[in-house]
Amino acid sequence: MAGSGRNRWCVVLACLAGLAGAAGVVLAATAAHKVNNPSLLAAANMLQVHAAGTLALVAVSQWAGARTVWLVAASLMLAGSILFASAVSLSVIAAKSLFPMAAPIGGSMVIAGWCAVVVGALLALRSDASR
C-alpha cells in the first residue's frame, strides 16, 4: 500500500508539473507579446525550470535510495515555484497581492526543495556505500 501511495504521488507531481510548465509558456508568451515586464518573464522561467526539475526528481525517485526525500524535494520545488509565479503574475497583471510575502515564501520553498535534493543525494550515496 505504501508503494501505491508513492506511485500516486509521482503521478500527481507529473501532472502538476505539466500544468506548471504549460503555464510558464503562457506567461512567457504574455511577457513577449502583451505585458513588457521582466518580473513576468521571471515568473515564467521559474515555472518552466522547476516543472522540468520536478519531472527529473520524480524520475530519480524511481531508482535512487531515499525515495521519499526526492519526492519531498520535488513537491517543495513545484509548490514553491507555483506560489512564487502566482504572486508575481497577479501583482504584474492585476496589480493585486496574493497575500503578504507570498513570493518570498514561494522562493524559500524552492530553495528548501533544492536543499532537499542535496539531502537525497547524500542519503543515496550513504546507502550505496553501505552495500
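Student: What kind of model are we looking at?

Tutor: Residues are numbered from 1 along each chain as its sequence is written, while side-chain values use heavy atoms, leaving out hydrogens and water. Local features need pLDDT of at least 70, side-chain atom pairs count only at pLDDT 80 or more, totals for chains, interfaces and linings use all residues, and the model itself is predicted.

Student: How many helices does the protein have?

Tutor: Reading from the N terminus on, the elements run α-α-α-α. There are zero strands, and the number of helices is four.

Student: Is alanine 95 buried or exposed?

Tutor: First, its place: alanine 95 is in the loop between α3 and α4. Buried means under 20% relative accessible area, exposed over 50%, and partly exposed in between (1.4 Å probe, protein chains only). Because its relative accessibility is 67%, alanine 95 counts as exposed.

Student: What span does helix α3 reach from its first C-alpha to its last?

Tutor: Helix α3 covers residues 67-94, which gives 28 residues. The expected span is 1.5 Å times one less than the number of residues. For α3 the expectation is 40 Å, and the model comes close to it, at 40 Å.

Student: How far apart in space are leucine 13 and serine 75, C-alpha to C-alpha?

Tutor: Leucine 13 sits in helix α1 (residues 2-33), and its relative accessible area of 4% is why leucine 13 counts as buried. Contact means heavy atoms within 4.5 Å. Not counting residues up to four places away in sequence, leucine 13 touches Thr54, Val58, Leu71, Ala74, Ser75 and Leu78. Leucine 13 and serine 75 are 62 residues apart in sequence, yet their separation in space is 7.0 Å.

Student: What is the relative accessible area of threonine 54?

Tutor: Threonine 54 is found in helix α2 (residues 38-61). Beyond its neighbours within four places in sequence, threonine 54 is in contact with Leu13, Ala17, Ala74, Met77 and Leu78. Threonine 54 is buried because its relative accessible area is 0%.

Student: Is serine 81 buried or exposed?

Tutor: Serine 81 lies in helix α3. Its contacts, leaving aside neighbours within four places in sequence, are Met46, Leu47, His50, Gly106 and Val110. With a relative accessible area of 0%, serine 81 is therefore buried.

Student: What distance separates the C-alpha atoms of phenylalanine 84 and valine 69?

Tutor: Phenylalanine 84 also belongs to helix α3, and at a relative accessible area of 18% phenylalanine 84 is buried. Phenylalanine 84 touches Ala42, Ala43, Met46, Ala103, Gly106 and Gly107, again not counting residues up to four places away in sequence. Valine 69 is 15 residues from phenylalanine 84 along the chain, and their C-alpha atoms are separated by 22 Å.

Student: How much accessible area does the patch of Leu98, Phe99, Met101 and Ile105 have together?

Tutor: Patches are made of residues with over 30% relative accessible area and no salt bridge; like charges are joined within 9 Å, nonpolar side chains (Val, Leu, Ile, Met, Phe, Trp, Tyr) within 5 Å. A salt bridge is a side-chain nitrogen of Lys or Arg within 4 Å of a carboxyl oxygen of Asp or Glu. Areas come from the Shrake-Rupley method with a 1.4 Å probe; for residues, only the protein chains shown count as cover. Together these four nonpolar surface residues have an accessible area of about 360 Å².

Student: What is the relative accessibility of methionine 101?

Tutor: Methionine 101 is in the loop between α3 and α4, and its phi is near 70°, a positive value in a residue other than glycine. Leucine 98 is found in that loop too, and counts as partly exposed because its relative accessibility is 39%. Methionine 101 counts as exposed, with a relative accessibility of 56%.

Definitions and conventions. Helix = DSSP H or I, 4+ residues; strand = E, 2+ residues; numbered from the N terminus.
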